[in-house]
Amino acid sequence: MALTTEGAAAGIETGTIYRIPHAQRHGRSRDLFTVWFGSNMMMLTVVTGALATTVFHLSPLVGLLAVVVGNLVGAVFMALHAAQGPGLGVPQMVQTRGQFGSLGAVPVTVLMVVMYVGFAASNLVLGGEGLQSMAPGLGRMPGILIIAALVVPPVIWGYRLIHAATRMMTVLCGGAVLLSLLWVGVRAGGMVGRTSGGASVTGILGAFSVSALWQIAYAPYVSDYSRYMPADERGMRMAFHATYWGTVLGSALPMALGVVLGGLAHGAPVVATMSGLLGPAAMPVMVILSVGIAVTDAMNVYCGTLSSLTVLQTFWPHARFGPGWRVGMAVVLMVAALLMALFFAGSFMESYTEFLNLLMAVLVPWTAINLVDYYLVRHGAYDVDSFFQADGGIYGYVNGPAMICYAVGIAVQVPFLSNALYTGPLARAMGGIDLSWLVGLAVTAPLYLWMAARAGLNDVSGVVPDGGAPVAAGNGP
C-alpha cells in the first residue's frame with residue numbers, strides 16, 4: 001500500500017512509524033509551540049477550568065492558582081516526553097519497546113489506541129453539541145458531521161497540515177479566548193470578587209490534579225510531533241521548552257476563563273453563562289471554540305493511527321507500513337469514532353467517557369517507567385533499529401522489571417481512584433479527590449529505577465542508536 005511520489009509532493013506525509021531521516025528533520029520550535037497552544041484552545045478546556053469553582057467550590061483567585069500550578073507541574077512530564085522525539089526520531093509508542101520489549105509494549109499501546117478513538121468520539125459529540133447550541137435548528141447529527149469533516153483533511157495529509165491547522169487555531173481560538181477574558185472582565189469584573197467559594201485543601205488538590213492530568217494525558221503522543229526536530233541537544237532543548245510553554249499557556253488561559261465563568265455561573269451551565277456575558281460576541285466566539293476541538297480530534301486520530309501501525313508491525317515485522325497504510329488506518333479509526341459519536345446513546349457516551357478517564361490509571365505508571373528509563377537508566381542511549389526487529393533486538397520480547405513495575409503502579413492507584421464508575425476507599429475518605437496519579441508516580445518511578453539497576457539495564461555501553469556514534473549520556477532538555 002504505497003502512495004505515489006506525486007502524492008508525497010502534494011503534501012501528504014510520507015513518514016509513518018519509522019525513524020525520520022536527518023535530512024527530513026524540518027521541525028521548528030515555533031511550530032511545536034503552536035501545535036500545543038492551538039490544540040488546547042477549545043471549549044472543553046474552558047469547561048475543565050470551570051471545575052475549580054463549580055465542582056471543587058474554590059474562590060476564583062484560589063481556583064486560578066490551583067489550575068495554573070497544576071498545568072505547570074503536569075506539563076513537565078509531557079514536555080520531557082517531547083524532548084525524546086528529536087533524539088530517537090520515532091513515535092512515542094514505538095520507543096516504548098525500548099522499555100517494555102516488543103511484545104510487552106503491545107498491551108500498553110492497544111490501550112492507548114482505545115483511548116485515542118474514545119476521546120475522538122467524545123470530542124466529535126462535544127463539538128457537534130457546541131455548534132447545535134449556537135444553531136438549535138442544526139441538529140445533533142449534522143453538527144457532529146461538520147466537526148468530522150473538519151477532522152478528515154489534517155488526518156489524511158498528516159504532520160504538516162496538523163501544524164498549519166494549529167497555527168490557525170492559535171490565532172483564531174487564542175483571539176477568541178483573550179477577547180472573552182477581556183469582555184467578561186469588563187462586564188462582570190466587579191462580581192468576580194463577590195462570588196462564593198473558599199480555599200479547602202480537598203478543593204485545591206482536586207483542581208490541581210485535574211489540571212495536571214490534563215497535561216499528562218498528552219504524554220503517549222507528544223513526541224509524535226517532535227520527532228521531526230533536529231537530532232541534537234539543541235533540538236531536544238527546543239522541543240522541551242516549545243512544548244512546555246505552548247501547552248501551559250494554551251491550557252491556562254482558557255482554564256482561567258473557565259474558573260471565572262464557573263464563579264459567576266451560580267449553578268447555571270458554564271456555556272450558557274459565557275454566552276450570556278459575551279452578548280453579541282457569543283456567536284462567533286462559541287463557534288470558533290467549538291470548531292477548534294476538530295484540531296485536537298485530528299491529533300487523536302493521527303496518533304492513534306501511528307500506535308495502531310506500531311501494533312501491526314510487532315506481528316508483521318518484515319512488512320513495510322508506509323503512508324498508504326497510515327491513510328487507510330486513519331480512515332478506519334475515524335469511521336469508528338464517527339459511528340460511536342453518531343449512533344451510541346448519550347448515556348452510553350457519558351459512561352464511556354468515564355471509562356476512558358478511568359483508563360488514565362494505566363497511563364501514569366507507563367509515563368513513570370518511560371521517563372525513568374530514558375533519563376535515569378539509559379540516558380537517552382537506545383538502539384532504534386532494535387525497535388523494529390522481530391525479536392525486539394537488544395530489548396527482547398518482554399522487559400520483566402518494567403512489566404512488574406507497571407502492574408504494581410496500577411494496583412497502588414486503585415484505592416485512590418475517584419470516578420463516576422469507581423471510587424476507592426482512600427479517595428472516598430479524602431472527600432472524593434483523585435490523587436491516584438501522584439501515588440502511581442511516587443511508587444512506580446523509584447521502584448523501576450531500583451529494579452532496572454539490579455537487572456543491569458543501565459549498561460548502555462556499545463549502544464549505537466543511529467547507525468553512528470553512541471548517544472552521549474545525559475542527553476536531554
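Me: How many aromatic pairs does a search of the whole structure find?

Reply: The model is a predicted one. A search through the whole of it finds 20 aromatic pairs.

Me: Why is the pair of Tyr116 and Tyr221 called tilted?

Reply: The ring centres are 5.4 Å apart, and a pair needs centres within 6.5 Å. The planes stand at 40°; stacked would need under 30 degrees and edge-to-face over 60.

Me: Why is the pair of Tyr374 and Tyr382 called stacked?

Reply: The centres lie 5.7 Å apart with 20° between the planes. The limits are 6.5 Å for a pair and under 30 degrees for stacking, so the pair of Tyr374 and Tyr382 counts as stacked. Tyr374 and Tyr382 are both buried.

Me: Which residues form one aromatic cluster with Tyr116 and Tyr221?

Reply: Trp36, Tyr218, Tyr225 and Tyr302 form one cluster with Tyr116 and Tyr221.

Me: What sits over the ring of Tyr18?

Reply: The charged end of Arg320 does, at 3.7 Å from the ring centre. The distance limit is 6 Å.

Me: How do you know that the span of helix 8 agrees with its number of residues?

Reply: Helix 8 has 30 residues, which at 1.5 Å a residue should span 44 Å. The C-alpha atoms at its ends are 44 Å apart, so expectation and model agree.

Me: Why is helix 8 called largely enclosed by the rest of the structure?

Reply: Of its 30 residues, 21 are buried, so the rest of the structure largely encloses helix 8.

Me: How many salt bridges does the structure hold?

Reply: There are six salt bridges.

Me: What makes Arg227 and Glu13 a salt bridge, and which parts of the chain does the pair link?

Reply: The closest N and O atoms of Arg227 and Glu13 are 3.1 Å apart, and the limit is 4 Å. Arg227 is in the loop between helix 11 and helix 12, and Glu13 is in the loop between helix 1 (5–9) and helix 2 (29–40). The partners are 214 residues apart, and the pair links distant parts of the chain.

Me: Are Arg227 and Glu13 buried or exposed?

Reply: Buried means under 20% relative accessible area. Arg227 has 0%, so Arg227 is buried. Glu13 has 6%, so Glu13 is buried.

Me: What makes Arg19 and Asp385 a tie between parts of the chain?

Reply: The side chains meet in a salt bridge with 3.0 Å from N to O. Arg19 lies in the loop between helix 1 and helix 2, Asp385 in the loop between helix 18 and helix 19; these parts are 366 residues apart in sequence, so the pair ties them together.

Me: Where is His57, and why is it called exposed?

Reply: His57 is in the loop between helix 3 (43–54) and helix 4 (60–82). Its relative accessible area is 53%, and exposed means over 50%, so His57 is exposed. Phi of His57 is near 55°, a positive value in a residue other than glycine.

Notes: Residues are numbered from 1 along each chain as its sequence is written. This is a predicted model: local features need pLDDT of at least 70, side-chain atom pairs count only at pLDDT 80 or more; totals for chains, interfaces and linings use all residues. Side-chain values use heavy atoms; hydrogens and water are left out. Rings of Phe, Tyr and Trp (its six-membered ring) pair if their centres lie within 6.5 Å; planes under 30 degrees apart count as stacked, over 60 as edge-to-face and the rest as tilted. Buried means under 20% relative accessible area, exposed over 50%, partly exposed in between (1.4 Å probe, protein chains only). A charge sits over a ring if NZ of Lys or CZ of Arg is within 6 Å of the ring centre and within 35 degrees of the ring normal. Helices (H or I, at least four residues) and strands (E, at least two) are DSSP runs, numbered from the N terminus. The expected span of a helix is 1.5 Å times one less than its number of residues.
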